[in-house]
Amino acid sequence: MSLWSRLRGTFLPRQSGSNIQQELEFHIEQRADELIEEGHTPEDALRLARLEFGNSSKWREETRDADIFIVLENWLRDTRQTLRGLRRRPIFALTAIASLAIGIGAVASLFSVADAVVWKPIALPHEHDLYILDEARRGVPSGSNGKRLADWQTLSSLAAATGWYGDTLVWRGPSGNEAVRSMRTYTGIMATAEPPIAIGRGFTKEEEGGTEAIALATHQFWRTRLNSGPLGPIELSGKTYQIVGVLAPSIGYPDAMDLWIPAPAGMQNGTRVASYLSLIVRLKPDTPPATAQAEINLAATRLSHAYPKTDANLSASLASLRERISRESRTSLFALLAVVVCVLAMICVNIAALLLARGSERESESALRSALGASRASLIRLYWIEALLLSLSGGALGITLAFAGVNILKQVLPAGLPRLSDAHIDARVLLFALGVSLLAALASGLIPAWLASRKTGLHDATRGASAKAGSKRLRTAFVVVEIALSALLVTTGVRLGQAFLELTSRPIGFRTADVLAVTVPFPWTVNEDRLHAFTTRALDEFRTLPGVTDVGVTDQYPLLGGTQTRDVRVQGITTGTPIHTSMHVASPGYFNVMNVRLLEGRMFDIRNKVEEYVVNEAFARRYFTDGRPASAQRLAFGTSNAWSDVVGVVSNLPQDAADETPEPEIFTYYANDYWPYLNFAFQTSTPAAVLAPLIRQRVAKLDGTVIVKSIEPMREKIKEGTKDERIRSTLVGSFALLALLLMAIGIHGLIASDVSARWREFGIRLALGATVPSLRLLLIAKIAALAAIGFAAGITAVLLTSNLLTASFAGLPPIRTATIAAVCAAIAIASLTAILWPLYRIARIHPAAALRHE
Amino acid sequence: MAANKSDILQGTLTLLVLKSLSQSRALHGYAIASHIKRASSDALRVEEGSLYPALHRLEQEGFIAAEWGLTETNRKARFYSLTRSGRKLLRDEENNWARLTAGVAGVLGFSGQEA
């Protein structure tokens, strides 16, 4: 209690002036009462009491001196003094502020991203009752369709259910054609989400069915692309939609959409075979998820039996929408946040070490101040203000850096991170940064201030020794901590780098040089004949462009994942459960461009006018087990008995850089299937910049409602597949380098001050016959001992956090001896480099001069 | 000179305040002043001009705690009480005082013998 009141007395004004006034009035009244009892009239008594009391205003101020504004004044005075002190040491001040700014800026940037991605509410009224319903067939995730949605909507534990799919439409905007991202909603969307509407109205029940061409604009789209103008018609992919309302700005799901548009009625009432729909359901209030899940399980079994052709082995599971949004990103974001917090801690430790060194210089000042009556608390305050000023300036600068930092993170972090685009510096982030700055001030300043304020007598000759030894031990401990943290961060950085290198150094098995990736997305509602006519004519047109050797089309480039899966049976081989396998569309040119070899048989031929299939090597090896050639095999899909020919086998194309073994895949001619997201591959040595305008021109000529989404070299395009690995290793790697640098600065500071303090001792040693190399060895041995302890602690930390790290960073390679050896070498080299200058200075010690050195 | 007689020796005000507070649970400023006056049989008079700054200083240093409360006559007053560190300070001050008075007495006694 007394400590608390003392602290409060040091840091906070205690009492307002009117309180003091009140207390004194009480005193006077009390005295007046006494005087009345002695026989004075009340007026006389009061006058006398006041007279006795004397000039109350004079000592009211004296009383206050011990009190209110004096505290503020003390802070101001101490601040002024500290500022003067800092101005005398600009290099120290600037380095400290700059390093704190980097640390706080990085922490604040990552916090704002984590805040947007993980913590911010979705801002839908029932967000805690909203769940995603994941359908799966035989345990393999698959999408839903309108028919099954209607089945789920009948369940009694659900208040409402709806579905949506994403679609890219082309908007004939004021500045030419632009791609807009639309969420195609199904019936039930308003009842399920109950989205807050900022302007206009939502969809009516009839409109949800997709009979009207209407749309809801997201606030972002309305503000930035419609310039906050009046609601009106908008032309999308050749069709006019009426915008009936604008959604509230804060809605956080689904992410990065421009418009909500009811899916066309034909789509909503489409076939039970389709599997592209994402389902969102809202549980009835107070319904436990387990109860709803039980009902869903029963319904799934019922559907499996009722529709064996399409719904066999159906299962569906609830997943909280909030959890889903942040699940994947949470661990790796938190790991990154932990890394920058480590770096910030090292920055604080370095500043603490510098302040400690300064504290030893300030001993005589402290002694003088306390001899003149300064209390311990006021000394602590004076010295702590230095750390506080540095931290607050660093924090202010850090926030300005964080504005840039958030933008950089938005560029480099995987775009798949939900709600990443929402990340920005807001009041929460500012408050957080202020908190971090204060913490940094406490972490870096409190111990040095405490030690520096130790009461010592002016005359006490030995006073410095114990304080100095104490602060010296502490600084040594700081350096050990820094070495340990560096070891932890560098090891993690190196392992992430290894993971990335292993991914990218694998032979990829296809051509990337002189290949151009051109993406042309059609809306999902495009008519199939129109799509295929466009594709065929575009392939012909593209082939005539200058410098283009060959062109092909596919649904998805290698290394970027798959698109569709199918249940397939091989005639005479597959009995029972069909094979659930990946399915691609392609034109024969695609295989030529990508340098995929035909291993057996021939390529499919459009002129044959029948469905023909090509399988990859992995598929042939695994499933064509009867010894017959591939060209003798036949396939059928689902439960149908329409058998089609396999005509050839091609070499494997990897779907995922992390996959050790290639996925079995089936290819069919693009006109045999419907896939409107067209990915063209050009074989050409003409630069993208030269071809781009020509390609755009040809596409516009063929279909005015569609636009080219991207044109880039294949080498760049497929980097998206390893983007996560590259980014995390770059981010963690650069922070590890920063940590190494901070460690080196810490070591340098310690040894440099050591050399200064022992200048005389070294002089004596030299005079007594020691050699410069032997003195150097002394310092190196000292640093080596510290490094060994720190390194051991760091590696222990690596081992202790091993599980956490593997959970946070997928594909992290095991800790290898070589890795540890490399980190050890890096730390040894950095430590040695850090003490080069102090080592060099030893050579300049002149014994005679050193003895007179003070 | 007569006026000086009732002045309180520099530095002893703290001791007197602490001692007064130690004999009761909580006292307001006026009661402290009256107590000192009464206990010293009117020999010591506390100047209000030094009493209140001293009280606030002691409070700020954590030796006494203050709280607003009501007197028997239902007036709002600020009541002071000793904290644990205040009790310790009182012990130290009492010892100091005992040493000082013993010392002064010794000096006076010694010079008296000389004479």
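This text walks through a predicted model, chain by chain.

Start with confidence. The model scores ipTM 0.77 and pTM 0.65. Chain A has a mean pLDDT of 84, and 92% of its residues reach 70 or more. For chain B the mean pLDDT is 80, with 85% of its residues at 70 or more. Both chains begin with a stretch to read with care. In chain A, pLDDT stays under 50 over residues 1–16. The model gives that stretch 27 contacts beyond four places in sequence. In chain B, residues 1–6 stay under 50, and the model has 3 such contacts for them.

Now look at helices in chain A. Two packed helices are described by the angle between their axes and the distance between the axes. Take helix H6 (residues 90–119) and helix H17 (residues 427–452) of chain A. They pack at an angle of about 140°, and their axes are 10 Å apart. H6(A) and H17(A) are therefore oblique to each other. The crossing of H6(A) with H17(A) is right-handed. Which residues make the contact? From H6(A) come A:Leu100, A:Ile104, A:Val107, A:Ala108, A:Phe111, A:Ser112 and A:Asp115. From H17(A) come A:Arg428, A:Val429, A:Phe432, A:Ala433, A:Val436, A:Ser437 and A:Ala440. The residues of this contact comprise 10 nonpolar, 2 polar and 2 charged.

Move along chain A to another pair. Helix H26 (residues 772–800) and helix H28 (residues 817–834) of chain A cross at roughly 145°, and their axes come within 11 Å. H26(A) also passes H28(A) in a right-handed crossing. H26(A) brings A:Ile783, A:Ala787, A:Phe791 and A:Ile795 to the contact. H28(A) brings A:Ile820, A:Cys824, A:Ile827, A:Ala828 and A:Ser831. Here the residues split into 8 nonpolar, 1 polar and no charged.

Chain A has strands too. Strands of a sheet pair through backbone hydrogen bonds, either parallel or antiparallel. Follow strand E14 (residues 564–570) of chain A. E14(A) pairs with strand E15 (residues 579–586) of chain A in the antiparallel sense, over 5 bridges. Find A:Arg566: its bridge partner in E15(A) is A:Thr581. E14(A) is also joined to strand E18 (residues 634–637) of chain A by 3 bridges, again antiparallel. There, A:Val568 stands opposite A:Phe637 of E18(A).

Turn to chain B. An open sheet of 3 strands runs in the order E1-E3-E2, with antiparallel pairing. Which strands stand at the edges? They are E1 (27–28) and E2 (64–70) of chain B. Each has a single partner strand, so one side of each is left without a neighbour in the sheet. E1(B) pairs with strand E3 (residues 76–82) of chain B over 2 bridges. In one of these places, B:Leu27 has B:Tyr80 of E3(B) as its bridge partner.

A helix packs on this sheet. Helix H2 (residues 12–22) of chain B touches E1, E2 and E3 of chain B. The direction of H2(B) makes about 95° with that of E3(B). H2(B) also meets a helix. The axes of H2(B) and helix H3 (residues 29–39) of chain B come within 10 Å and cross at roughly 100°. That makes H2(B) roughly perpendicular to H3(B). B:Leu16, B:Val17 and B:Ser20 of H2(B) meet B:Ile32, B:His35 and B:Ile36 of H3(B). Of the residues in this contact, 4 are nonpolar, 2 are polar and none is charged.

Technical notes:
Residues are numbered from 1 along each chain as its sequence is written. Chains are lettered from A and ligands numbered from 1 in the order in which they are written. This is a predicted model: local features need pLDDT of at least 70, side-chain atom pairs count only at pLDDT 80 or more; totals for chains, interfaces and linings use all residues. Axes are lines fitted to C-alpha atoms, for helices over the stretch in contact, and angles run from 0 to 180 degrees between N-to-C directions. Helices (H or I, at least four residues) and strands (E, at least two) are DSSP runs, numbered from the N terminus. Angles under 35 degrees count as roughly parallel, over 145 as roughly antiparallel, 65 to 115 as roughly perpendicular and the rest as oblique. A crossing is left-handed if the near helix is turned anticlockwise from the far one by less than a right angle, and right-handed if clockwise. Two residues are in contact if their C-beta atoms, placed from the backbone, lie within 7 Å. Ala, Val, Leu, Ile, Met, Phe, Trp, Tyr, Cys and Pro count as nonpolar, Asp, Glu, Lys and Arg as charged, and the others, Gly among them, as polar. pLDDT is the predictor's confidence in each residue, from 0 to 100. Two strands pair if DSSP finds at least two bridges between them.
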